[in-house]
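The sequence and structure are shown first.

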Amino acid sequence: RPHFLSAGDLNPPAALALLDLADEFVAHNRAMDGRPTLDLMAGRTVVNLFFENSTRTSSSFEIAAKRLGADVVTMPVTASSVSKGETLIDTAVTLNAMKPDVLVIRHSASGAADLLSQKVGCAVVNAGDGRHEHPTQALLDLLSLRRAFGDVGGLTIAICGDIAHSRVARSNVALLSMMGARVRLIGPPTLVPGDADRWGCEVFHDMREGLEGCDVVMMLRLQLERMAGDLVPSTREYFRFWGLDREKLAWAKPGARVMHPGPMNRGVEIDSDVADDLSVSLIQDQVEMGVAARMAVLAALSLRNDGAVR
Ligand code: CP
């Protein structure tokens, strides 16, 4: 079975095909709020298995699958037998025995989705594994950018803040670079991985220097739950140096657009004044594009190369 585990599973033609399909789903979703549901996944079952909290990814996968006509089971992990000690693999193998067509998984361990894909007979979609990858987030970000700018080739995109703990950063660096964007990483030395200079990006430890000439400023959530508390002296100090407000945004290109994968820490990595200004912020577009991008991924996993239902 094909899986979608990493941004590296795509190549430019495959990514463009998914974006074209997603554009069709955006039009469908905007017309009559996605009704009637499509039948591309009629009779198929999608299982959502989220071992970490989620608002956007979990609900958009559920909505996406339903709009394609699939049956959806969203497992409340805290109410499942995981709370009795059942392992990830045993949980997945048990669900696999019920013959789902797609398993969407989020887990705190890097590599969890890949491991699972080797144990089950259905397609596996990585909805975020530790700090490793979040490929559907990168796809929806690419979709949002293509709709805002027409093409990401030649854009300079700054990914800012807590790069070290960010699966969004890793997937976006891979996909945006593959599609011809120049990607910069900006953050304090404690929050930029030591090997980041080998990611094919320019690395900056100063917001003013890094933002100069950028078309897009993608802010990342400060992931306090993944750090030992002593990496950031205080969130107030973090905002002063690294939080995006009007003053810092003015260092980027005039007309630069702002992104954030959510959830946002307002007043920590981004100021509400910037986040809520729809003339610069793409954040709500990103949420809308999440449904269409995930519809495209689920549909692609359900279709054969000739376009027939698999
Ligand atoms: N962007 C993102 O993955 O959000 P959730 O954690 O709410 O799914």
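The sections below proceed from the basis of the model to individual residues.

## Basis of the model

The model is predicted, so local features require pLDDT of at least 70 and side-chain atom pairs count only at pLDDT 80 or more, whereas totals for chains, interfaces and linings use all residues. Residues are numbered from 1 along each chain as its sequence is written, and side-chain values use heavy atoms, with hydrogens and water left out.

## Overall fold

The chain contains eleven helices and nine strands; these are DSSP runs numbered from the N terminus, with helices being H or I of at least four residues and strands E of at least two. Its radius of gyration is 19 Å, close to the 19 Å that the globule rule gives for 310 residues, so the chain is as compact as a globular protein of that length. The radius is taken over C-alpha atoms, and the rule is 2.2 Å times the number of residues to the power 0.38. Along the principal axes, the C-alpha atoms fill a box of roughly 55 × 45 × 35 Å.

Contact means heavy atoms within 4.5 Å. Among contacts between residues at least 6 apart in sequence, 73% join residues at least 24 apart.

## Surface and charge

Of the 310 residues, 53% are buried (under 20% relative accessible area; exposed is over 50% and partly exposed in between, with a 1.4 Å probe and protein chains only). The chain exposes about 13,200 Å², of which carbon and sulfur atoms supply 51%; accessible areas come from the Shrake-Rupley method with a 1.4 Å probe, and for residues only the protein chains shown count as cover.

There are 32 positive and 38 negative side chains, and the centres of the two sets lie 3 Å apart. Lys and Arg count as positive and Asp and Glu as negative, while His and the chain ends are not counted. Each charge is placed at NZ of Lys, CZ of Arg, CG of Asp or CD of Glu.

## Nonpolar cores

A nonpolar core is a set of buried Ala, Val, Leu, Ile, Met, Phe, Trp, Tyr and Cys residues joined through side-chain atoms within 4.5 Å. The largest has 62 residues, and V102, I159 and L175 have the most contacts inside it. Helix α11 (residues 283–302) gives the most to this core, with ten residues. A second, separate core of 25 residues includes C160, L222, A256 and V280.

Leaving aside neighbours within four places in sequence, L175 is in contact with A7, L10, A15, A138, L139 and L142. A15 belongs to helix α1 (residues 12–30) and is buried at 0% relative accessibility. Although A15 and L175 are 160 residues apart along the chain, their C-alpha atoms are separated by 8.5 Å.

## Selected residues

S144, in helix α5 (residues 135–149), is buried, with a relative accessible area of 3%. Not counting residues up to four places away in sequence, S144 touches M259, D285, Q286 and M289.

K99 lies in the loop between α3 (88–96) and β3 (102–107). This residue has a positive phi of about 60° although it is not a glycine, and K99 is exposed at 66% relative accessibility. The peptide bond from G262 to P263 is cis, with omega near -10°; P263 is located in the loop between β9 (257–259) and α10 (272–275). D273, in helix α10, is partly exposed at 41% relative accessibility. D273 and M98 are 175 residues apart in sequence, and their C-alpha atoms are 48 Å apart in space.
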